[in-house]
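Thanks, everyone. I'll walk through one model this morning, contacts and cores to begin with, then the charged pairs. Please have the viewer open.

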Amino acid sequence: MKKALLSILVIVLFFLLVYFIKANVSVPSGIQIKINEISSEYKGVVSDKFAVRNTNPTHLKIITKTDIIEITPYQKIVDLAEIGDSLIKPANQNIAYLKKQNGQMHEIFYTKLSLKTRNHKSFPKEWKEKWMESSAWDK
C-alpha cells in the first residue's frame with residue numbers, strides 16, 4: 001500500500017514539475033522579436049533602403065547620433081521613406097514618425113502584430129489593446 005501511494009505521489013510530482021517548467025519556458029522567439037521592436041527607441045536619418053534578396057526594398061539603414069542601425073519596419077514606412085528623411089521611434093510604442101525633408105510628418109505603426117502574438121501570454125498586458133490598426137490585416 002505504501003509503495004503504491006509513494007508511486008502515485010512521485011508521478012503527480014513529476015507532472016507538476018513538467019507543468020511548471022512548461023509554464024516558465026522562455027518567450028517564443030517571434031514574440032520576443034516583436035517585443036524588442038516595440039521596446040526599441042531611436043532617432044535618426046535614413047541613409048539607405050535595401051533588400052536582402054532581389055526584391056523591392058524591405059529594410060532601412062538609419063544613422064543615429066551614436067550608431068548605424070538596420071531595421072525592418074512595417075512596409076509602408078519603407079515605401080514612404082527616402083534617403084535623408086528622419087525616422088523617430090519612441091520607446092515602448094508601436095508607432096514611428098517619418099519626417100520628410102519637406103517637413104511633412106507621417107505617423108505609422110512600426111510593426112505588424114498578429115492576433116496570435118497580441119494574445120500570447122508573454123506579450124505585455126499593457127500592450128494587448130493598443131495599436132489595434134497594426135493587427136487589422138489578421139482578421
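Start at Leu 87. Setting aside neighbours within four places in sequence, Leu 87 is in contact with Tyr 42, Lys 43, Gly 44, Leu 60, Ile 62, Ile 71, Ile 77, Ala 96, Tyr 97 and Leu 98. Contact here means heavy atoms within 4.5 Å.

Some ground rules. This is a predicted model, so local features need pLDDT of at least 70 and side-chain atom pairs count only at pLDDT 80 or more, while totals for chains, interfaces and linings use all residues. Residues are numbered from 1 along each chain as its sequence is written, and side-chain values use heavy atoms, with hydrogens and water left out.

Now the cores. Which residues have the most contacts inside the largest nonpolar core? They are Tyr 42, Leu 60, Ile 62, Ile 71, Ile 77, Leu 87 and Tyr 110, in a core of 13 residues. Strand 1 (42-50), strand 2 (59-63), helix 3 (75-80) and strand 5 each give two or more residues to this core. A second, separate core has eight residues, including Ile 31, Ile 35, Phe 123 and Trp 127.

The terms, quickly. A nonpolar core is a set of buried Ala, Val, Leu, Ile, Met, Phe, Trp, Tyr and Cys residues joined through side-chain atoms within 4.5 Å. Buried is under 20% relative accessible area, exposed is over 50%, and partly exposed is in between, with a 1.4 Å probe and protein chains only. Helices (H or I, at least four residues) and strands (E, at least two) are DSSP runs, numbered from the N terminus.

Next, the hairpin. Strand 5 (residues 95-99) and strand 6 (residues 105-109) run antiparallel, joined by five bridges. Two strands pair if DSSP finds at least two bridges between them. Ile 95 stands opposite Phe 109. Five residues separate the two strands, and Gly 103 in the turn has a positive phi of about 95°.

Tyr 74 also belongs in this picture. Tyr 74 sits in the loop between strand 3 (68-71) and helix 3. Not counting residues up to four places away in sequence, Tyr 74 touches Ile 108, Phe 109, Tyr 110, Thr 111 and Lys 112. Tyr 74 is partly exposed, at 23% relative accessible area.

On to charges. How many salt bridges are there? The count comes to four. The rule is a side-chain nitrogen of Lys or Arg within 4 Å of a carboxyl oxygen of Asp or Glu.

Take Lys 34 and Glu 37. Their salt bridge is 3.8 Å, N to O. They are three residues apart in helix 2 (residues 29-39), so about one helical turn separates them. Glu 37 counts as buried, at 19% relative accessibility.

Lys 61 pairs with Glu 70, the closest N and O atoms being 4.0 Å apart. Lys 61 is partly exposed at 26%; Glu 70 is exposed at 53%.

Then Glu 82 and Lys 100, with closest N and O atoms 3.8 Å apart. Glu 82 lies in the loop between helix 3 and strand 4 (86-89), and Lys 100 in the loop between strand 5 and strand 6, so the pair ties together parts 18 residues apart in sequence. Glu 82 is partly exposed at 46%, and Lys 100 is buried at 12%. Asp 85 joins in: Glu 82, Asp 85 and Lys 100 are linked in a network of salt bridges.

That's my tour. Over to you.
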